Amino acid sequence: MPAQFKKNIDIPAHLKPAGKHTSELLKEERAGASVDSEKLKRYLYSEEYLQRQAKMVQLLESDTSGVFDKTNRNYVGRAEFFTMALEKDKKLNKMAVEGNWSTQDMTLAEWLIDQHGPTGLHKNMFLPTLYNQGTDEQRKLFWEPASRYEISGCYAQTELGHGSNLAGIETTATYDPKTREFVLHSPSLTASKWWIGGLGRGADHAVVMAQLYTNGEHYGPHPFVVPIRDIKTREPLPGRTIGDIGPKVGLKGNDNGFLLLDNVRVPHVNFLARFQQIDPATGAYHKPKNERLKYGTLTLIRAGIVENASKTLARAATVAIRYCAMRRQFADKDEPQKDSNGRQIELQVIDYPTVQTRLFPALVRAFAFHFTGAEMRRLYWASQDLVAKGDVSLVPELHAASCGLKSVASLTTADSIEVCRRACGGHGYSLASGLGTFYQDYLPTATWEGDSYMIVQQCSRYLIKTYKQLKENPNMQLNPENAVKDYLLPYLRNPKAKAPPLSSAQDKAQWFLAAFGFRAAHVMDMTEKKLRNRKWNESLIDLKRLSDAHCEYLLVRNFARALKQDDRLNALPAEKRALELCFELYSTYQLDISAADFLSSGYISPEQYLELQDSLTPLLAAVRPDAVALVDAFGIPDYLLDSALGASDGMVYERLFDYAVREPLNALKPNPNFRDPRNYVPPLAKL
């Protein structure tokens with residue numbers, strides 16, 4: 001590990017920030033809030049989780065090896081960063097095995113350390129795929145040694161020529177009944193597996209998605225366990241060409257790699273066969289009861305993306321809201337104030353409505369995604385229980401929702417991080433803000449596990465199919481968890497319904513839920529009618545609008561359910577009132593940015609829309625006094641934030657200077673002389 005970077009410049013110790021100290025401003029914000037952030041934190045995450053998080057933070061920060069120290073990260077190049085990430089993974093995996101950690105413990109540790117490394121996909125994709133799609137025999141053969149890190153793996157689906165279009169991948173797996181082996185082959189350059197996390201330098205096994213051929217018939221993509229490196233020498237096995245794909249926008253510690261296979265043979269048992277089987281003697285194919293069962297791992301990952309979006313938004317909002325509550329710029333033109341020394345007091349940046357309208361949507365979306373993420377996880381495990389009993393009725397709904405929500409959550413979150421960074425002004429451009437690298441590392445979420453503009457077709461296709469079924473037979477039996485029927489059946493009964501006045505609504509949550517449901521049903525109705533005279537590809541914009549409308553209904557519904565049905569929240573009146581304001585701001589803001597859909601449906605009148613639009617500024621002002629307390633309730637440790645701007649102690653300017661003086665460029669001795677004809681620039685001084 002590199003030595004701790006020293007401070008290369010001494011700053012005069014007597015100098016302090018001018019005016020009221022930023023830490024004092026943060027204390028005042030907390031003292032003036034109506035929300036008890038500790039109570040809200042326990043409600044959101046549970047006391048058990050918070051204690052486990054605190055214990056993990058203490059464990060990581062007290063480690064003496066230095067592998068979990070974040071101080072040096074922004075000062076090193078990719079090769080050194082990768083080495084640091086590898087050392088982190090090795091240490092963490094060793095601790096997990098020795099400490100008998102649960103999957104939740106490892107997930108928590110990785111989230112807190114926030115350094116993607118070579119074994120990340122081993123934990124997040126390789127292990128779940130082996131377990132969820134493997135038979136009992138295959139779990140013993142592959143999953144058990146992988147869980148002990150005796151083998152390390154990756155998930156090789158994406159190819160150089162195909163990403164979101166899984167059906168289009170080119171890698172083939174042809175069954176040879178004579179030897180009872182599968183022959184895996186890359187028939188072209190574009191068939192190369194590409195972007196595969198952990199493949200470039202680390203993994204010795206891969207779950208390879210390949211087009212299955214047996215007895216001359218083609219059965220589409222299926223998963224195969226393929227050894228790719230010698231476990232001892234770490235060199236590629238014969239017939240495998242492997243390497244790292246090169247520098248990326250972010251994820252410096254991840255060795256995303258490529259893999260070409262040249263007629264590589266694997267035994268019959270390497271075909272993951274929990275849901276579909278190949279008869280070893282005849283090569284006969286036995287298909288799964290439901291084709292989507294083959295993609296269960298991706299459904300879980302996509303459901304997790306929604307949950308992760310909440311944590312990601314919470315992190316960005318925490319940094320930006322805390323900083324903007326401490327940063328002062330310009331005096332109040334309407335009501336100028338002066339301090340005890342007669343100096344003009346500048347406004348806190350967070351008091352500008354143009355800042356609130358950028359930051360508070362990220363705050364309230366974090367809550368919306370929190371409740372929907374929890375619901376998606378519950379539905380996933382409920383579906384697994386049903387699948388075990390032979391009931392796949394929930395699988396189509398869950399698959400569609402996971403695809404649509406993956407798109408909404410990842411695109412919204414990526415945009416929101418950047419909005420939060422910009423709201424931090426010039427200091428937001430420094431990596432010391434904790435937002436730059438964070439943004440870069442989150443960006444691929446909008447693309448991996450299905451491009452967010454293409455994957456929505458899977459959601460929309462399901463919605464159009466359900467629309468036709470319910471229109472033909474409103475009494476058809478659907479899983480009780482099905483959300484589409486809840487808003488589509490009322491619409492089909494009365495497509496000319498009108499919203500009651502919002503000002504007289506006794507239950508605002510129900511008012512917004514009805515509005516978002518009617519909007520989704522109307523978009524579905526219009527899209528289905530357009531499809532009668534249009535080709536599918538000509539309707540892609542409408543299909544994305546449909547998927548988004550359905551998913552926004554789900555987000556509003558799950559938020560509203562928490563407010564209306566959660567007894568634990570009812571026991572916290574002040575916190576519930578704050579969340580009700582967040583819900584109202586979230587619903588109003590989302591309605592405003594999609595106003596065309598709501599107005600064209602006829603459910604909301606232009607006058608009602610203008611009333612809603614006018615309510616946005618008062619809603620922002622109502623959330624403002626509790627903004628810092630609300631982000632405190634997310635409970636994100638300073639260790640994870642790794643931010644000079646958003647640290648909980650409010651020492652903004654001291655931390656920025658500390659970051660600056662550690663810059664290795666400040667250790668250049670002598671300073672470069674650009675007038676020197678030799679163009680000599682000395683090497684960095686020894687650190």
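Biologist: Is Arg322 buried or exposed in this model?
Modeller: Arg322 is buried, because its relative accessible area is 5%, and the cut-off for buried is under 20%. Keep in mind that this is a predicted model.

Biologist: Which side chain does Arg322 meet in a salt bridge?
Modeller: That would be Asp638, with 4.0 Å from N to O. Arg322 sits in helix H8 (residues 296-326) and Asp638 in helix H21 (residues 638-641), so this pair ties together parts that are 316 residues apart in sequence.

Biologist: And Asp638, how is that one classed?
Modeller: Asp638 counts as partly exposed, because its relative accessibility is 29%.

Biologist: How many salt bridges turn up in the whole structure?
Modeller: The search finds 46. One of them joins Lys94 to Glu98, where the closest N and O atoms are 2.7 Å apart.

Biologist: Where do Lys94 and Glu98 sit along their helix?
Modeller: They are four residues apart in helix H4 (residues 78-98), so about one helical turn separates them. In an α-helix there are 3.6 residues a turn, so residues three or four places apart point the same way.

Biologist: What about Lys529, which residue is its partner?
Modeller: Lys529 forms a salt bridge with Asp525, and their closest N and O atoms are 3.5 Å apart. Both lie in helix H14 (residues 508-531), again four residues apart, or about one turn of the helix. Here Lys529 is partly exposed, with a relative accessible area of 36%, whereas Asp525 counts as buried at 7%.

Biologist: Which residues are linked in a network of salt bridges?
Modeller: The network links Arg519, Lys530, Arg534, Asp542, Arg545, Glu552 and Asp597.

Biologist: New topic: helix H9. How many residues does it have?
Modeller: H9 has 36, running over residues 353-388. From its first C-alpha to its last it reaches 52 Å, close to the 52 Å expected at 1.5 Å a residue.

Biologist: Where is the kink in H9?
Modeller: The kink lies at Leu359, shortly before the proline Pro361, and is about 30°. Past the other end, just after H9, Gly390 takes a positive phi of about 85°.

Biologist: Let's do strands. What order do S12, S13 and S14 take in their sheet?
Modeller: The order is S12-S14-S13, in an open sheet with antiparallel pairing. Strand S12 (328-331) and strand S13 (337-338) are at the edges with a single partner strand each, so one side of each has no neighbour in the sheet.

Biologist: How many bridges join S12 to S14?
Modeller: Two bridges join them, and S14 covers residues 344-348. Across this pairing, Ala331 stands opposite Glu346 in S14.

Biologist: And strand S1, are its faces covered or open?
Modeller: Both faces of S1 (residues 153-156) are covered. Gly153 and Tyr155 are buried on one side, and Cys154 and Ala156 are buried on the other.

Biologist: Which strand does S1 pair with over four bridges?
Modeller: S1 pairs with strand S5 (residues 205-214), in the parallel sense. Gly153 stands opposite His205 in S5.

Biologist: Last one, the surface. Which residues form a nonpolar patch?
Modeller: Ile9, Ile11 and Phe657 do, with about 260 Å² of accessible area together. Ile11 lies in the segment before helix H1 (22-31), and Ile11 is partly exposed, with a relative accessible area of 38%.

Terms used
Residues numbered from 1 in each chain as written. Predicted model: local features only at pLDDT ≥ 70, side-chain atom pairs only at ≥ 80, totals over all residues. Heavy atoms only, no water. Expected span 1.5 Å × (residues − 1). Bend = angle between axes of the 7 residues up to and from the residue. Patch = residues over 30% accessible without salt bridge, like charges linked within 9 Å, V, L, I, M, F, W, Y side chains within 5 Å. Areas by Shrake-Rupley, 256 points an atom, 1.4 Å probe, with all protein chains shown as cover. Buried < 20%, exposed > 50% of the residue type's maximum accessible area, 1.4 Å probe, protein only. Pairing = 2+ DSSP bridges.
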